[in-house]
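Here's a structure to pick through together. Have a look at it, and then we'll go over it question by question.

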Amino acid sequence: VSVVGVITIFTTSGTVTLGALTPDATGTQSTNKDTVTVTTNDSDGYTLTLKDADTTYTLASGGDSFAASSGTPASPITLINNTWGWRVDSLASFGAGPTSVISNAAPSALTFAAIPANGTPYTINSAAAEGTEVTDVWYSARALNTQPSGTYTDIVTYTAAVI
């Protein structure tokens with residue numbers, strides 16, 4: 001009997017809603033997470049990657065946008081006004097992070113990175129054996145009162161692959 005490797009991946013909702021931001025002169029910030037669960041029966045394990053679905057790296061609303069953070073996983077930074085980013089707690093240089101959703105609040109000291117470009121995914125988790133792993137991916141945006149109103153969106157792609 002030959003049993004083939006199987007891998008499944010799902011997220012909490014497929015959509016992460018950061019909530020409404022009411023910007024002021026110093027900026028406000030909202031943060032929320034997507035929980036990604038990967039299950040495999042492959043004894044070699046898996047890798048889980050994240051990347052932007054296009055090459056703009058922006059949260060867009062018509063012609064308006066939030067630029068991607070200039071941070072990286074190796075050197076994440078606090079968000080500056082009118083930027084957005086992602087983080088996985090304790091991955092690379094992120095350290096400990098949020099424990100709950102932050103909505104329309106004063107800017108936080110949490111650090112974030114730019115979303116990886118389409119074609120250059122970043123590994124956000126891996127396992128060396130079969131089993132189930134859960135990864136919380138946090139997203140955040142910070143807005144100054146010059147940011148035009150609108151509903152801003154982007155598509156992020158997670159890929160789980162057996163090793």
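Q: Which residues have the most contacts inside the largest nonpolar core?
A: This is a predicted model, where local features need pLDDT of at least 70 and side-chain atom pairs count only at pLDDT 80 or more, while totals for chains, interfaces and linings use all residues. Residues are numbered from 1 along each chain as its sequence is written, and side-chain values use heavy atoms, with hydrogens and water left out. A nonpolar core here is a set of buried Ala, Val, Leu, Ile, Met, Phe, Trp, Tyr and Cys residues joined through side-chain atoms within 4.5 Å, and buried means under 20% relative accessible area, exposed over 50%, and partly exposed in between (1.4 Å probe, protein chains only). The largest such core has 24 residues, and those with the most contacts inside it are Leu 48, Leu 50, Trp 86, Ile 124, Val 137, Tyr 139 and Tyr 158.

Q: Which strand gives the most to this core?
A: Strands are DSSP runs (E, at least two residues) and helices are too (H or I, at least four), numbered from the N terminus. At least two core residues come from each of β2 (28-40), β3 (46-52), β7, β10 (122-127), β11 (131-143) and β12 (156-162). With four residues, the one that gives the most is β11.

Q: How many helices and strands does the protein chain have?
A: Reading along the sequence, you get the pattern β-β-β-β-β-β-β-β-β-β-β-β. The count for the protein chain is zero helices and twelve strands.

Q: What is the radius of gyration of the protein chain?
A: The radius is taken over C-alpha atoms, and the globule rule is 2.2 Å times the number of residues to the power 0.38. For 163 residues that rule gives 15 Å, and the chain comes close to it, so it is as compact as a globular protein of that length. Along its principal axes, the C-alpha trace spans about 65 × 30 × 25 Å. The radius of gyration itself is 17 Å.

Q: What share of the contacts between residues at least 6 apart in sequence joins residues at least 24 apart?
A: Contact means heavy atoms within 4.5 Å. In the protein chain, the share asked for is 79%.

Q: How far apart do the centres of the positive and negative sets lie?
A: Lys and Arg count as positive and Asp and Glu as negative, with His and the chain ends not counted. Each charge is placed at NZ of Lys, CZ of Arg, CG of Asp or CD of Glu. There are 4 positive and 12 negative side chains, and the two centres are separated by 8 Å.

Q: Is Asn 82 buried or exposed?
A: Asn 82 sits in the loop between β6 (77-78) and β7 (83-87). Not counting residues up to four places away in sequence, Asn 82 touches Phe 66, Ala 67, Arg 142, Ala 143, Leu 144, Thr 146 and Gln 147. Its relative accessible area is 19%, so Asn 82 is buried.

Q: How far is Ala 74 from Phe 94 in space?
A: Ala 74 is in the loop between β5 (64-68) and β6, and at 62% relative accessibility it counts as exposed. Leaving aside neighbours within four places in sequence, Ala 74 is in contact with Ala 92 and Ser 93. Ala 74 and Phe 94 are 20 residues apart in sequence, and C-alpha to C-alpha the distance is 7.8 Å.

Q: What phi does Ala 92 have?
A: Ala 92 is found in the loop between β7 and β8. With a relative accessible area of 47%, Ala 92 is partly exposed. Although Ala 92 is not a glycine, its phi is positive, at about 50 degrees.

Q: How far apart in space are Val 6 and Thr 26?
A: Val 6 lies in the segment before β1 (7-11) and counts as partly exposed at 42% relative accessibility. Beyond residues up to four places away in sequence, Val 6 touches Thr 39, Thr 40, Asn 41 and Asp 42. Val 6 and Thr 26 are 20 residues apart in sequence, but their C-alpha to C-alpha distance is 49 Å.
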